[in-house]
Amino acid sequence: MAAAPLVATPEVCPLPDSGFECGLQKRIVEARNYAETRPGTVGIVLRDRKSGVTWRNDHADDMTWTASTIKLAMVVNLLERNRSGKIKLTADDRRLMTAMLHSSDDDAADTLWKRYGGATFNAAFPKYGMTDLVAQKGYSASFPYWGFEKCTTNDLDRLINYVLDTVPAEDRAYIVDQMRQVGPEQQWGVWGPDSGTKNGWSEEDGGWVMNSVGFVGQDERYTLAIMNNLKGEGAYDDGKATDTEITRLLFR
(Lines give C-alpha, C1' and ligand atoms only; values in the text may rest on other atoms or scores of the structure.)
Protein backbone atom coordinates (compact mmCIF):
# COMPACT_ATOMS: atom_id res chain seq x y z
CA MET A 1 0.00 0.00 0.00
CA ALA A 2 1.49 3.34 -1.05
CA ALA A 3 2.17 5.91 1.68
CA ALA A 4 -0.07 8.94 1.65
CA PRO A 5 1.67 11.99 0.19
CA LEU A 6 2.96 14.49 2.73
CA VAL A 7 0.95 17.68 2.82
CA ALA A 8 2.64 20.78 4.21
CA THR A 9 0.83 22.28 7.17
CA PRO A 10 0.11 25.92 6.45
CA GLU A 11 1.83 28.33 8.79
CA VAL A 12 -0.50 29.69 11.44
CA CYS A 13 -0.21 33.46 11.75
CA PRO A 14 -1.65 34.88 14.99
CA LEU A 15 -2.76 38.26 13.58
CA PRO A 16 -3.79 37.42 10.00
CA ASP A 17 -5.74 40.64 9.51
CA SER A 18 -2.96 42.93 10.73
CA GLY A 19 -1.13 43.26 7.42
CA PHE A 20 2.25 42.45 8.99
CA GLU A 21 4.26 39.49 7.75
CA CYS A 22 3.79 36.31 9.78
CA GLY A 23 7.11 36.36 11.64
CA LEU A 24 6.51 39.89 12.87
CA GLN A 25 2.95 39.00 13.84
CA LYS A 26 4.36 36.38 16.21
CA ARG A 27 6.78 38.92 17.66
CA ILE A 28 3.96 41.42 18.13
CA VAL A 29 2.01 38.86 20.14
CA GLU A 30 5.11 38.14 22.24
CA ALA A 31 5.63 41.84 22.92
CA ARG A 32 1.94 42.38 23.72
CA ASN A 33 1.86 39.46 26.14
CA TYR A 34 5.09 40.58 27.81
CA ALA A 35 3.76 44.13 28.26
CA GLU A 36 0.70 42.76 30.05
CA THR A 37 2.95 41.19 32.72
CA ARG A 38 4.83 44.41 33.47
CA PRO A 39 4.21 47.03 36.19
CA GLY A 40 1.54 49.62 35.39
CA THR A 41 0.15 49.93 31.88
CA VAL A 42 2.00 50.05 28.58
CA GLY A 43 0.76 51.66 25.38
CA ILE A 44 2.39 50.40 22.16
CA VAL A 45 2.02 51.52 18.54
CA LEU A 46 4.05 49.85 15.78
CA ARG A 47 3.98 51.10 12.19
CA ASP A 48 5.50 49.73 8.99
CA ARG A 49 6.09 52.82 6.88
CA LYS A 50 6.76 50.76 3.77
CA SER A 51 3.48 48.84 3.74
CA GLY A 52 1.49 51.43 5.67
CA VAL A 53 0.11 48.99 8.25
CA THR A 54 -0.14 49.80 11.94
CA TRP A 55 -0.67 47.75 15.10
CA ARG A 56 -1.64 49.25 18.44
CA ASN A 57 -2.41 47.60 21.74
CA ASP A 58 -5.32 48.27 24.10
CA HIS A 59 -3.50 51.07 25.97
CA ALA A 60 -2.50 53.16 22.94
CA ASP A 61 -5.28 55.67 23.73
CA ASP A 62 -4.42 56.06 27.44
CA MET A 63 -3.59 59.63 28.44
CA THR A 64 -0.06 59.55 29.88
CA TRP A 65 2.47 62.17 30.99
CA THR A 66 4.66 62.98 27.98
CA ALA A 67 7.80 63.60 30.04
CA SER A 68 10.59 64.61 27.64
CA THR A 69 9.21 63.03 24.48
CA ILE A 70 7.54 66.40 23.85
CA LYS A 71 10.99 67.91 23.27
CA LEU A 72 10.91 66.23 19.85
CA ALA A 73 7.78 68.24 18.98
CA MET A 74 9.46 71.40 20.30
CA VAL A 75 12.38 70.91 17.91
CA VAL A 76 10.01 70.33 14.99
CA ASN A 77 8.21 73.58 15.81
CA LEU A 78 11.39 75.64 16.18
CA LEU A 79 12.71 74.41 12.84
CA GLU A 80 9.35 75.09 11.19
CA ARG A 81 9.16 78.65 12.54
CA ASN A 82 12.74 79.30 11.50
CA ARG A 83 12.12 78.02 7.98
CA SER A 84 9.02 80.18 7.61
CA GLY A 85 10.87 83.28 8.78
CA LYS A 86 8.81 83.76 11.94
CA ILE A 87 11.94 83.41 14.06
CA LYS A 88 15.66 83.33 13.36
CA LEU A 89 17.41 80.58 15.27
CA THR A 90 20.78 81.56 16.71
CA ALA A 91 23.81 79.38 17.24
CA ASP A 92 22.86 79.21 20.93
CA ASP A 93 19.31 78.10 20.05
CA ARG A 94 20.67 75.32 17.90
CA ARG A 95 23.05 74.24 20.66
CA LEU A 96 20.11 74.03 23.05
CA MET A 97 18.03 72.07 20.53
CA THR A 98 20.82 69.56 20.13
CA ALA A 99 21.11 69.27 23.93
CA MET A 100 17.37 68.52 24.15
CA LEU A 101 17.63 65.73 21.60
CA HIS A 102 21.01 64.32 22.63
CA SER A 103 20.81 64.27 26.41
CA SER A 104 17.18 65.34 26.97
CA ASP A 105 18.43 68.49 28.69
CA ASP A 106 15.64 70.07 30.79
CA ASP A 107 17.37 73.43 31.21
CA ALA A 108 17.69 73.71 27.43
CA ALA A 109 13.98 73.00 27.04
CA ASP A 110 13.11 75.59 29.71
CA THR A 111 15.20 78.26 27.99
CA LEU A 112 13.71 77.66 24.55
CA TRP A 113 10.17 77.38 25.94
CA LYS A 114 10.45 80.80 27.56
CA ARG A 115 12.40 82.36 24.68
CA TYR A 116 9.93 81.32 21.99
CA GLY A 117 6.58 81.27 23.79
CA GLY A 118 5.13 78.17 25.40
CA ALA A 119 1.60 78.90 24.20
CA THR A 120 2.89 79.17 20.61
CA PHE A 121 4.47 75.72 20.91
CA ASN A 122 1.32 74.17 22.30
CA ALA A 123 -0.88 75.69 19.61
CA ALA A 124 1.29 74.01 16.95
CA PHE A 125 1.59 70.52 18.43
CA PRO A 126 -1.72 69.16 17.03
CA LYS A 127 -0.45 69.92 13.51
CA TYR A 128 2.23 67.29 14.09
CA GLY A 129 -0.36 64.66 14.99
CA MET A 130 -0.51 65.28 18.75
CA THR A 131 -4.27 65.79 18.64
CA ASP A 132 -4.92 64.19 22.04
CA LEU A 133 -2.33 66.34 23.84
CA VAL A 134 -3.58 68.30 26.86
CA ALA A 135 -1.46 70.70 28.92
CA GLN A 136 -1.98 70.05 32.64
CA LYS A 137 -2.93 72.94 34.92
CA GLY A 138 -1.91 73.38 38.53
CA TYR A 139 1.61 71.95 38.37
CA SER A 140 3.73 74.95 37.37
CA ALA A 141 3.86 78.71 37.80
CA SER A 142 3.49 79.24 34.05
CA PHE A 143 0.90 77.56 31.84
CA PRO A 144 1.24 75.82 29.51
CA TYR A 145 4.60 74.28 30.41
CA TRP A 146 6.36 71.56 28.43
CA GLY A 147 7.06 69.53 31.58
CA PHE A 148 3.41 69.03 32.49
CA GLU A 149 1.53 67.67 29.49
CA LYS A 150 -0.28 64.43 28.75
CA CYS A 151 -0.78 62.67 25.45
CA THR A 152 -1.41 59.17 24.07
CA THR A 153 0.90 56.65 22.48
CA ASN A 154 -1.04 57.30 19.28
CA ASP A 155 0.11 60.93 19.52
CA LEU A 156 3.76 59.88 19.68
CA ASP A 157 3.24 57.52 16.73
CA ARG A 158 1.79 60.36 14.65
CA LEU A 159 4.57 62.72 15.77
CA ILE A 160 7.45 60.48 14.72
CA ASN A 161 5.76 59.79 11.40
CA TYR A 162 5.25 63.52 10.85
CA VAL A 163 8.99 63.93 11.39
CA LEU A 164 9.85 61.21 8.89
CA ASP A 165 7.22 61.96 6.25
CA THR A 166 6.48 65.70 6.37
CA VAL A 167 9.35 67.68 7.90
CA PRO A 168 11.52 69.22 5.11
CA ALA A 169 14.51 67.07 4.13
CA GLU A 170 17.27 69.17 5.70
CA ASP A 171 15.48 69.51 9.02
CA ARG A 172 14.44 65.87 8.96
CA ALA A 173 18.06 64.80 8.39
CA TYR A 174 19.19 66.83 11.41
CA ILE A 175 16.52 65.29 13.68
CA VAL A 176 17.12 61.74 12.46
CA ASP A 177 20.88 62.11 12.89
CA GLN A 178 20.45 63.38 16.44
CA MET A 179 18.06 60.54 17.32
CA ARG A 180 20.56 57.99 16.03
CA GLN A 181 23.35 59.23 18.32
CA VAL A 182 21.69 60.03 21.63
CA GLY A 183 23.70 60.13 24.82
CA PRO A 184 23.88 57.28 27.36
CA GLU A 185 20.85 58.66 29.26
CA GLN A 186 18.66 57.66 26.30
CA GLN A 187 20.28 54.43 25.18
CA TRP A 188 17.30 52.23 26.04
CA GLY A 189 13.82 51.62 24.69
CA VAL A 190 13.65 52.18 20.91
CA TRP A 191 17.42 52.43 20.62
CA GLY A 192 20.06 50.12 19.21
CA PRO A 193 21.58 49.11 15.87
CA ASP A 194 20.05 51.02 12.95
CA SER A 195 17.64 52.86 15.24
CA GLY A 196 16.97 56.29 16.67
CA THR A 197 15.03 57.44 19.71
CA LYS A 198 13.67 60.25 21.82
CA ASN A 199 12.92 59.10 25.35
CA GLY A 200 11.09 60.65 28.26
CA TRP A 201 11.20 59.64 31.91
CA SER A 202 9.95 61.30 35.06
CA GLU A 203 8.35 60.71 38.42
CA GLU A 204 4.98 62.38 38.07
CA ASP A 205 1.76 62.72 40.03
CA GLY A 206 0.73 59.05 40.06
CA GLY A 207 4.20 57.53 39.75
CA TRP A 208 6.96 57.07 37.21
CA VAL A 209 6.43 57.22 33.46
CA MET A 210 9.00 55.75 31.05
CA ASN A 211 8.35 56.58 27.40
CA SER A 212 10.26 55.89 24.19
CA VAL A 213 9.53 56.81 20.58
CA GLY A 214 11.68 56.26 17.51
CA PHE A 215 12.42 54.28 14.38
CA VAL A 216 14.07 50.98 13.51
CA GLY A 217 15.45 49.52 10.30
CA GLN A 218 16.79 50.52 6.91
CA ASP A 219 15.34 53.85 5.74
CA GLU A 220 13.58 54.16 9.10
CA ARG A 221 11.10 51.55 7.88
CA TYR A 222 9.43 50.90 11.23
CA THR A 223 8.35 53.36 13.89
CA LEU A 224 7.64 52.35 17.46
CA ALA A 225 6.05 54.35 20.26
CA ILE A 226 5.89 53.07 23.84
CA MET A 227 4.41 54.82 26.89
CA ASN A 228 4.79 53.00 30.21
CA ASN A 229 2.74 54.51 33.03
CA LEU A 230 4.03 52.60 36.04
CA LYS A 231 1.24 53.84 38.35
CA GLY A 232 3.34 53.37 41.48
CA GLU A 233 3.85 49.66 40.75
CA GLY A 234 7.45 50.15 39.67
CA ALA A 235 10.04 52.84 39.00
CA TYR A 236 12.74 53.97 36.56
CA ASP A 237 14.57 50.65 36.18
CA ASP A 238 11.35 48.69 35.68
CA GLY A 239 10.12 51.01 32.96
CA LYS A 240 13.49 51.15 31.24
CA ALA A 241 13.57 47.34 31.15
CA THR A 242 9.99 47.17 29.85
CA ASP A 243 10.56 49.56 26.92
CA THR A 244 13.87 47.95 25.99
CA GLU A 245 12.51 44.40 26.10
CA ILE A 246 9.47 45.28 23.98
CA THR A 247 11.82 46.66 21.34
CA ARG A 248 14.04 43.57 21.58
CA LEU A 249 11.10 41.21 21.20
CA LEU A 250 9.94 43.06 18.09
CA PHE A 251 13.22 43.69 16.33
CA ARG A 252 16.36 42.23 17.92
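# Sheets, helix packing and local backbone features

Proline 144 lies in the loop between E4 and E5. In this predicted model, the peptide bond joining phenylalanine 143 and proline 144 is cis, with omega about -5°.

E3, E5 and E4 form an open sheet of 3 strands in the order E3-E5-E4, and their pairing is antiparallel. At its edges stand strand E3 (64-65) and strand E4 (134-135), each of which pairs on one side only. E4 is joined to strand E5 (residues 149-151) in the antiparallel sense over 2 bridges. Within this pairing, valine 134 stands opposite lysine 150 in E5.

## The sheet of 5 strands

A further open sheet has 5 strands in the order E2-E1-E8-E7-E6, again with antiparallel pairing. From one strand to the next, the twist averages 5°.

Inside this order, strand E7 (residues 207-216) and strand E8 (residues 222-229) run antiparallel and are joined by 8 bridges. One of the residue pairs can be named: valine 216 has tyrosine 222, in E8, as its bridge partner.

Two packed helices are described by the angle between their axes and the distance between the axes.

| Helix pair | Angle | Distance between axes |
|---|---|---|
| H2 (residues 70-84) and H3 (residues 91-103) | about 155° | 9 Å |
| H3 and H4 (residues 106-115) | about 135° | 8 Å |
| H2 and H4 | about 40° | 11 Å |

For the pair H2 and H3, the angle of about 155° makes H2 roughly antiparallel to H3. The crossing of H2 and H3 is left-handed. On the side of H2, the contact is made by Lys71, Leu72, Met74, Val75, Leu78, Leu79 and Asn82, and on the side of H3 by Arg94, Met97, Met100 and Leu101. By class, the residues of this contact of H2 with H3 comprise 8 nonpolar, 1 polar and 2 charged.

H3 also packs on H4, at an angle of about 135°, and H3 is therefore oblique to H4. Here too the crossing, that of H3 and H4, is left-handed. H3 contributes Asp92, Asp93, Leu96, Met97, Ala99 and Met100, which meet Ala108, Ala109, Thr111, Leu112 and Arg115 of H4. The contact of H3 with H4 divides into 7 nonpolar, 1 polar and 3 charged residues.

The loop between H3 and H4 holds serine 104. Although serine 104 is not a glycine, its phi is positive, at about 55°.

The remaining pair in the table is H2 and H4, with an angle of about 40°; H2 and H4 are therefore oblique to each other. The crossing of H2 and H4 is left-handed. In this contact, Lys71, Met74 and Leu78 of H2 meet Asp106, Ala109, Leu112 and Trp113 of H4. The contact of H2 with H4 has 5 nonpolar residues, no polar residues and 2 charged residues.

## Salt bridges

The structure holds 16 salt bridges. One of them joins the side chains of aspartate 165 and arginine 49, at 2.7 Å from N to O. This pair links distant parts of the chain, since its residues are 116 residues apart. Aspartate 165 belongs to helix H6 (residues 153-165), whereas arginine 49 lies in the loop between strand E1 (41-48) and E2. E1 and E2 are neighbours in the order E2-E1-E8-E7-E6 of the sheet of 5 strands.

How values were computed:
Residues numbered from 1 in each chain as written. Predicted model: local features only at pLDDT ≥ 70, side-chain atom pairs only at ≥ 80, totals over all residues. Heavy atoms only, no water. Axes fitted to C-alpha atoms, helices over the stretch in contact; angles between N-to-C directions. Helix = DSSP H or I, 4+ residues; strand = E, 2+ residues; numbered from the N terminus. Parallel < 35°, antiparallel > 145°, perpendicular 65-115°, else oblique. Left-handed = near helix turned anticlockwise from the far one by under 90°. Contact = heavy atoms within 4.5 Å. Nonpolar A, V, L, I, M, F, W, Y, C, P; charged D, E, K, R; others polar. Pairing = 2+ DSSP bridges. Salt bridge = Lys/Arg side-chain N within 4 Å of Asp/Glu carboxyl O.
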